[in-house]
Amino acid sequence: MTAGFEDLLAANKQFADAHNLQGFDGIAHAGVAMVTCMDSRIDPLRMIGLAPGDAKILRNPGGRVTDQVLVAIVLGVTLLNVNRILVVEHTRCAMASSTEAELQERVGNATDSDASWMSLGAITDQEATIRADVHRITSHPLVPASTEVSGFIYDVDTGLLAPVS
């Protein structure tokens with residue numbers, strides 16, 4: 001069952017030997033939540049100077065505020081000390097570099113299956129999408145008006161965040 005995972009389990013053993021997060025209460029100690037893409041070039045905590053225990057990190061393709069992300073945000077702002085939310089998309093994102101049809105075709109070709117029925121969430125205008133997702137959060141009735149919410153584009157080449165107004 002774990003064949004092919006030996007290297008990761010060995011690394012986990014080393015991690016566990018130095019593990020110092022025992023007893024954490026699960027709240028966001030810095031009051032931060034970040035919605036961002038699943039892209040492996042993004043290191044959400046370090047890019048904003050935080051550490052484990054400081055923030056809630058919500059990741060998906062494109063860094064979109066989906067229904068499930070909204071559930072997590074509501075829980076974060078009501079139960080887990082979140083009072084600031086960053087919505088972060090990034091440069092050179094596959095979700096923003098292809099149309100929905102192109103993504104479906106690529107998935108279909110990779111799997112030898114029809115993927116045209118599946119909504120993958122292509123992003124045609126990152127700034128407009130970020131503004132819409134920020135609005136989706138700020139207009140939610142269970143997110144207090146005192147919650148600060150802003151959108152950003154992360155440059156995967158420079159490491160800098162650019163605010164989206």
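**Cores, strands and a buried asparagine**

Me: What makes up the largest nonpolar core of this predicted model?
Reply: The largest nonpolar core has 20 residues. Those with the most contacts inside it are Val-65, Ile-73, Ile-85 and Ile-137.

Me: Which elements each supply at least two residues of this core?
Reply: They are strand E1 (32-37), helix H3 (67-79), strand E3 (84-90), helix H5 (126-138) and E4. H3 gives the most, with five residues.

Me: What makes this set a nonpolar core?
Reply: A core takes buried residues of listed types, such as Val and Ile, joined through side-chain atoms within 4.5 Å. In soluble globular proteins, nonpolar side chains tend to be buried together.

Me: Which residues does the second, separate core include?
Reply: This core of 18 residues includes Leu-86, Met-95, Ile-123 and Tyr-154.

Me: Why is Asn-60 called buried?
Reply: Its relative accessibility is 11%. Buried means under 20%, so Asn-60 counts as buried.

Me: Where is Asn-60, and which residues is it in contact with beyond its neighbours within four places in sequence?
Reply: Asn-60 is in strand E2 (residues 55-60). Its contacts are Thr-36, Cys-37, Met-38, Thr-66 and Val-69.

Me: How many residues of the protein chain does the model have, and what share is buried?
Reply: The chain has 165 residues, and 35% count as buried.

Me: Why are E4 and E5 called paired?
Reply: Pairing needs at least two bridges between two strands. Four bridges join E4 (residues 148-154) to E5 (residues 161-164), so the two pair. They run antiparallel. One of the bridge partners is Pro-163 in E5, which faces Phe-152 in the bridging.

Me: What lies between the strands of this hairpin?
Reply: Six residues lie between E4 and E5. In this hairpin, Gly-159 takes a positive phi near 85°.

Methods. Residues numbered from 1 in each chain as written. Predicted model: local features only at pLDDT ≥ 70, side-chain atom pairs only at ≥ 80, totals over all residues. Heavy atoms only, no water. Buried < 20%, exposed > 50% of the residue type's maximum accessible area, 1.4 Å probe, protein only. Contact = heavy atoms within 4.5 Å.
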